[in-house]
Amino acid sequence: APEKEVLQLSLGERDKIIFQHENLKVVSSFPSFDENKSKRVIDFSQQPQNKALSENNDDESVHSTLRKSLFKKSGNMHKNTEFKAGSVDVKEIGTYLNTSENMKEVTKEGFLINNHHAPITKDSDFTLHRINNEEIVSENGIKIQSFSNASEILDMTGTTGRKLEILRAVTEIPTQFRSIFKEFPYFNYAQSKALDDLLYTDRNFVICAPTGSGKTVMFELAITRLLMEAPLPWLNIKVVYMAPIKALCSQRFDDWKEKFGPIGLTCKELTGDTLMDDLFEIHHADIIITTPEKWDSMTRRWRDNSIVQLVRLFLIDEVHVIKDESRGATLEVVVSRMKTIQSSLWRLLEKHDTVPPLRFVAVSATIPNTQDIAEWLSDSKMPAVCLKIDEDQRPVKLRKIVLGFPCSDNQTEFKFDLTLNYKIASIIQTYSEQKPALVFCATRKGVQQAASVLAKDAKFLLSLEQKQRLQGFANSLKDSKLRDLLMYGVAYHHAGMEISDRKIIEGAFTVGDLPVLFTTSTLAMGVNLPAHLVVIKSTMHYVGGVFQEYSETDILQMIGRAGRPQFDTTATAVIMTRCSTRERYIQMLNGADIIESSLHRHLVEHLNAEIVLHTVTDVSVALEWIRSTFLYIRALKNPTHYGFSSGLDKVGIEAKLQELCLKNLNDLSSFDLIRMDEANNFKPTETGRLMAWYYIAFDTVKQFFTIKGTETLNELITMISNCTEFVDVKLRTNEKKILNTLNKDKDKITIRFPMEGKIKTREMKVNCLIQAQLGCIPIQDFTLTQDTGRIFRNGLRVT
């Protein structure tokens, strides 16, 4: 703040933050394109013009560090990045213009960099310099006393205005488990609200809370409850944590290994990357961290798999993924199967008290119908607890902005995406407040292009120490292009990079030395890299050769990365989309999309698996199994979504679901995957068993029924390459040259059965990589090596 402004903070009256504001001015930091009201200003002075975004003002008294422009514009920038009047449409959701909050904003760095949660970093946020452990000093020498007392910190991190008594202290946890929560003295608002149900009851529990509200701690509370109740030694209890992606599982594994190791619990990761030998280790693990697909294939063998029967606590992360068309059905079936296993154990054992109860705890992002998830997870004795935490209880207040950009009809998605690269610099200058920004792009190539454009367009104000540290990071990178960009304060990150390079970039961003990081949407789900500003550059991404809109889950995940609880009290998320889709995203951000089931689209594979497991033995049991699914709950409430007519009552809808079941059962029967007798009892056949055991798609099995036994090796490889199991292998433009060389090249070793023409489909790529691997032809490209690994992991099951 300018020198005339005096900041007084009395510890006794810490709620009163007093300013003498002779020339303080608060400006809404988003552009408005109406000429008459080009800036919204709350003015406490007669000062004519706001200096917050001034570019070249040398008057140090007004141009202090806290107000310094993020970067100087280089000569070629303004012609590309100027917002032309009318070219951008801005929608502000929940404008952040509360003056007392804004005054607090000036001082927040002082408190929060000294917050005991955070790894303290030098020069984090590119402005403040630490002098010693007690105070933070800005460049022009205003000292801001920082608090070491925990309750003071609590009062400054989003709980202001609430009574402090509602926050529960970690000292409530029994002493031997307290080390799990050693990073903070109090639970936050959401955790405090959930604490009684999680720690003092065994009820199933569903919590709907915004990303960044500390949901992991809620899982840890449930685990603590189980350990408090279970007698030592903890031999016969297993906890399963299930998350939709491997990256999220790895992160949880690293975190929990350190937290639960000291109290004697072992963790084991079980994902697509786990080798079968590790299954023996799973028997000895107390906490199993897995994905829905992997747990599905494990539990398809549950009768000869005692592990599944020992599970006492089932933790479901990101349960809203249930609506995902390709993966949601697996999550739904796995949970329904765990419920069915529990009830069949209960029926098998006369002494019911010997069957330990299985508890479900699920967390989800903001969705309107959390109650449906709770209803699905309720058991016959007790309904599940459903807790909704509003967006305004998010520890870091999130401002969401949707910008619409014009896109002409003859403009391709690629072209539109490229034009957005030149808008990034302005958006970062307007919204980042000189703090780390994360920009999500649609493709790996797009990530690199956008980073190069920004490095040319913008000059970041980096301190000498920061430049030295960035030089240190750059020296250890393998990617030379990335090395050059890093010195400009810009970097990129995607799954096709060397793992060592990814780790270096993550490190530089985490400690606050890297102003802007460009990345693909896969990062949003996995690695926890919070930023002050998140920008989603274009809402279309490239999937399986076509452009499609991000799902709501993807969008929520990406904007959930905005806000660093250790350093920020506010954060901003900007979505860049076409003018035509702007309204749609505004609706989405208001959390209005109801979660539906997608099980009806994948019913045939899952019914077969249940028949092989003997959980479904006849039509009446098939209907009972359907009743245990989320599909049943939603079909009763919204029958038209599932293709049933709207006027049906409960009996009618059940009849329709039974019809759907029978149709799928007949499909299985016609391919001899199951056999039905006169009484409509089902028995699995050997082929049906193989299909369930090896997790094969129904379409692949149908294809295998065309095999005559006279096929050549070439024809068999072609057939395998066409299997549904490889659907997530993408053909990228920059790989075609290498693949075409592998296919035909008179000067190099090529594959044994070359294909006609150029490589232009996913199937041809899979075929080429299978042959290259079997022919021991080395491939230098890292992403192709990754894809080959994935093809062979799935290929082993298929063949």
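Tutor: Phe219, Tyr241, Trp256 and Phe260 form one aromatic cluster. This is a predicted model, in which local features need pLDDT of at least 70 and side-chain atom pairs count only at pLDDT 80 or more, while totals for chains, interfaces and linings use all residues. Residues are numbered from 1 along each chain as its sequence is written, and side-chain values use heavy atoms, with hydrogens and water left out.

Student: Why are Phe219 and Tyr241 called an edge-to-face pair?

Tutor: Rings of Phe, Tyr and Trp (its six-membered ring) pair if their centres lie within 6.5 Å, and planes under 30 degrees apart count as stacked, over 60 as edge-to-face and the rest as tilted. The centres of Phe219 and Tyr241 are 5.7 Å apart and their planes stand at 85°, so the two rings pair and the pair is edge-to-face.

Student: What makes this pair a tie between parts of the chain?

Tutor: Phe219 lies in helix H5 (residues 215-229) and Tyr241 in strand S11 (residues 238-242), so the pair ties together parts 22 residues apart in sequence; helices (H or I, at least four residues) and strands (E, at least two) are DSSP runs, numbered from the N terminus.

Student: How do you know whether Phe219 is buried or exposed?

Tutor: Buried means under 20% relative accessible area, exposed over 50%, and partly exposed in between (1.4 Å probe, protein chains only). Phe219 has 1% and is therefore buried, and Tyr241, at 0%, counts as buried too.
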